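Here is a friendly note to read alongside the structure. Please keep the 3D view open and find each residue as it comes up.

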Amino acid sequence: MRNHTMVTEFILLRIPETEGLETVLFFLFSSFYLHTLLGNVLILPAILSSSRLHTPMYFFLGNLSMFDLGFSSTTVPKILLHLSGQSQGISFQGCISQLFFYHFLGCTECFLYTAMAYDRFVGYPMPCYPSRYMVIMNHRVCAILATGTWMGGCVHAIILTSLTFQLSYCASNEVDYYFCDIPAILSLACGDTSLAQRVGFTNVDLLSLICFSLILVSYTLIGISISKIRSAEGRQRAFSTCNAHITAILCAFGPVIIIYLQPNPSALLSAIIQILNNLVTPMLNPLIYSLRNKDVKSALRSAFHKRGFAVENK
């Protein structure tokens, strides 16, 4: 028989090899986070206010903006508190919440990118048949795909969180990481973690690989369709758009595959990859997908013009 102490708080450790750099990292991460908030908050009113952007592609981009806002806000505020010298403790309930929303939004991201790839797969072969594209990607189909992504992510997170926190935890409550994630939390468990590890591998790694494979198939078929475009300028523009999308997808899926497929990943490597995943990718998504787009820029100008005109009338 072993004595266990009821854990009420976890202690999150600092980012590896960053001692003395807390102030620099605080301002750097704050800048990334503010740019993430600003970029994604700008996209939503632009899409809602412009009827030209009421299309399946921008519908999914609006969902991606909401995801980026939530995903970065799951871990970054707590990291910034730690870097500013605040307590490194997180309550047991807070750790459960952080892990749940991290995997809920992370899985939703996988499904959402897959749905967006399917939308592009349907759209690219039919640039001359917009009515046929809108028949396939109608409002009902878009709503089902979007609802499915969020519901699938929720089920995924419930399974992982319940398996992780049904275990008993030893008195040592120092999480060998700077936020609550499954590998770090399971290392503190006193019981058998094999089931949680197997389900975690299946739910995280295999699911990510399946979604990533479907996305690659979609973009391969898109590339074949683009190669048939006669205009060299049209091909170049289309390939440029695809390259930007694929870059965003690699930034999203790369960290998941690298971290969770390794049995004992380097602490520094894991930290760098997770920072890329939590901070950099949500900041770049608005630039890659929307803010470089002429229609989005025009919608933003119109929204600000209407807002300024309304203020002047008051």
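1. **Before you start.** This is a predicted model, in which local features need pLDDT of at least 70 and side-chain atom pairs count only at pLDDT 80 or more, while totals for chains, interfaces and linings use all residues. Residues are numbered from 1 along each chain as its sequence is written, and side-chain values use heavy atoms, with hydrogens and water left out.

2. **The overall fold.** The protein has 10 helices and three strands; here helices (H or I, at least four residues) and strands (E, at least two) are DSSP runs, numbered from the N terminus. Along the sequence, they follow the pattern β-α-α-β-α-α-α-β-α-α-α-α-α. Taking contact as heavy atoms within 4.5 Å, residues 24 or more positions apart make up 79% of the contacts with a separation of 6 or more.

3. **Surface and interior.** Of the 314 residues, 47% count as buried, where buried means under 20% relative accessible area, exposed over 50%, and partly exposed in between (1.4 Å probe, protein chains only).

4. **The largest nonpolar core.** A nonpolar core is a set of buried Ala, Val, Leu, Ile, Met, Phe, Trp, Tyr and Cys residues joined through side-chain atoms within 4.5 Å. The largest one holds 55 residues, and F29, L64, Y113, M116, I249, F253 and Y289 have the most contacts inside it. Helix α3 gives the most to this core, with 11 residues. Look at L64: beyond its neighbours within four places in sequence, L64 contacts L112, Y113, M116, N285 and Y289. Another core, of 17 residues, lies apart from the largest one and includes L99, C180, L188 and A196.

5. **A cavity to find.** The whole structure contains three cavities of 30 Å³ or more. On a 1 Å grid over the protein atoms alone, a cavity is a set of points where a 1.4 Å probe fits but cannot get out, and lining residues have an atom within 4 Å of a point. Grid points are joined across faces, edges and corners, and a volume is the space filled by probe spheres set on the points. The second largest cavity has a volume of about 80 Å³, and its lining includes M57, Y113, M116, R120, I249 and Y289. Which helix gives the largest share of this lining? That is α3, with five residues. By class, the lining has nine nonpolar, one polar and two charged residues (Ala, Val, Leu, Ile, Met, Phe, Trp, Tyr, Cys and Pro count as nonpolar, Asp, Glu, Lys and Arg as charged, and the others, Gly among them, as polar).

6. **N203.** Leaving out residues up to four places away in sequence, N203 touches H156, I159 and L160.

7. **T114 and G123.** Helix α3 contains T114 and also G123. T114 has 17% relative accessibility, so T114 counts as buried; G123, at 14%, therefore counts as buried. Not counting residues up to four places away in sequence, T114 touches C211, L214 and I215. G123 and I222 are 99 residues apart in sequence, with their C-alpha atoms 9.0 Å apart in space.

Notes:
On a 1 Å grid over the protein atoms alone, a cavity is a set of points where a 1.4 Å probe fits but cannot get out, and a pocket is an open set with protein on both sides within 12 Å along at least five of seven lines; lining residues have an atom within 4 Å of a point.
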